[in-house]
Amino acid sequence: MHSPKVLVVDDETYIVELVKFNLEKDGFRVIVAYDGLNALEMVKSESPDLILLDIMLPNIDGLQVCRTLKQDPSYNTIPIIMLTAKGEEFDTVLGLEMGADDYIKKPFSPREMVARVKARLRALKILEAEKAIGKKIYVVKDLIVIPDKYEAFMGEDKLELTPKEFELLTLMTSNPGKVFTREALLEKVWGYEFSGDTRTVDVHIRHLRQKLKDDSSFPVYIETVRGVGYRFIEGRTNA
């Protein structure tokens, strides 16, 4: 089986060389482009398995490249991870709205970058396999949730969740952006007959965050809505 091919698109040579070196060290095949127009040409000629795409590019910027590829049925399943500089939060949101699957902020550690690439390729394989047999799957950043199998992964690692933690996670990932009160979570996960108080929810959410390595002060996955409850932060979720 051939090694996955990654297209790295950035106009900064040292970034390209850093990414290329670390990906090749981990067994990936790497092709490179230094502007948006060349990137589009290489996608058509090389059919990469994943694209690492900088936002600020000559000729055609990364946002336009992303939108063009995601609107083309021939290439819209190729995972795109945007590379963004500090202070580009607005562009990051635009990238996700245009179909980008994830983003990494510069400066980033090579280890994190390689882990994100592996996680996204793994998620794509699982997603394709599950869709082929009609099962649902939810993918948000490095998190993969497979409800029918009671399995969840963070990147390459399988999460060891209790049944209630898994049910909480599945409920929230399947309803991104929706605010759940503690009472609603008690009802949906524990059932009408449960006689405990809402602190049970808080304890389970805290344990779930620990396993997701999610900082409650700067959450990536589960956000506290003060005085109300919790919601799963909206992102690229596939079913």
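**Group meeting: a pocket and a core**

So, the largest share of the lining of the largest pocket comes from H5, with four residues. Quick background: this is a predicted model, where local features need pLDDT of at least 70, side-chain atom pairs count only at pLDDT 80 or more, and totals for chains, interfaces and linings use all residues. Residues are numbered from 1 along each chain as its sequence is written, and side-chain values use heavy atoms, with hydrogens and water left out.

Helices (H or I, at least four residues) and strands (E, at least two) are DSSP runs, numbered from the N terminus. A pocket, on a 1 Å grid over the protein atoms alone, is an open set of points where a 1.4 Å probe fits, with protein on both sides within 12 Å along at least five of seven lines; lining residues have an atom within 4 Å of a point.

Who sits nearest the centre of the largest pocket? Of its 23 lining residues, that would be Arg-116, Asp-142, Met-154, Leu-212 and Tyr-221. Helix H5 (110-132) and helix H8 (199-212) are among the elements giving two or more residues to that lining.

Leu-143 is in contact (heavy atoms within 4.5 Å) with Leu-212 and Tyr-221, among others, leaving aside neighbours within four places in sequence.
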